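Subject: Structure for your files

Hello,

The structure is below, and my notes on it follow. Please keep the two together.

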Amino acid sequence: MAKKKDEIPEDIDGELKSPKFGKPKTHSVSGYVLDINETDKKVDLQLYEPLSGTTILEGLEIPKEINLNDLEKGIVCEFKLDELKAPLSKKTTDYLKEQGITLNAIIKFELKEFKIIDENN
């Protein structure tokens with residue numbers, strides 16, 4: 001049984017709050033927009049092929065280069081995404097394991113550009 005702690009040690013908390021991401025890896029993937037949050041300028045995407053084990057990406061920030069009005073829900077697009085990965089230290093992964101959490105890296109995706117593939121879908 002995992003032993004739960006109420007307070008996260010300061011160094012582990014720091015690593016989780018400020019991950020040190022490596023160089024981005026660029027992916028071109030197809031899918032469609034699930035939701036657009038115009039207030040926060042964020043978008044949720046559904047991908048046709050899994051990327052780092054998932055097909056749904058939530059809360060991606062929309063860069064200034066992309067016009068919010070060009071995004072439409074449900075239209076098939078090709079997305080250019082940057083994947084940034086921050087491996088976690090052994091101390092942090094061990095601590096998380098004690099808490100019942102299996103996590104060895106923090107992965108962040110950034111939407112760089114998109115292109116509409118099929119408007120008649």
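Leu 16 sits in helix α1, residues 10-17 (helices are DSSP runs of H or I with at least four residues, strands runs of E with at least two, numbered from the N terminus). With a relative accessibility of 25%, Leu 16 is partly exposed (buried is under 20% relative accessible area, exposed over 50%, partly exposed in between, using a 1.4 Å probe and protein chains only). Beyond its neighbours within four places in sequence, Leu 16 is in contact (heavy atoms within 4.5 Å) with Leu 88, Thr 92, Leu 96 and Ile 106. Leu 88 is 72 residues from Leu 16 in sequence, yet their C-alpha atoms are 8.1 Å apart.

This is a predicted model: local features need pLDDT of at least 70, side-chain atom pairs count only at pLDDT 80 or more, and totals for chains, interfaces and linings use all residues. Residues are numbered from 1 along each chain as its sequence is written, and side-chain values use heavy atoms, without hydrogens and water.

A salt bridge here is a side-chain nitrogen of Lys or Arg within 4 Å of a carboxyl oxygen of Asp or Glu; the count is seven. Among them:

- Asp 13 and Lys 17, at 3.2 Å, N to O. They are four residues apart in helix α1, so about one helical turn separates them. Lys 17 is exposed at 62%.
- Glu 78 and Lys 115, at 3.7 Å between the closest N and O atoms. Glu 78 is in strand β4 and Lys 115 in strand β5, so the bridge ties together parts 37 residues apart in sequence.
- Glu 110 and Lys 112, at 3.3 Å between the closest N and O atoms. Shared partners join Lys 108, Glu 110 and Lys 112 into one network of salt bridges.

Regards
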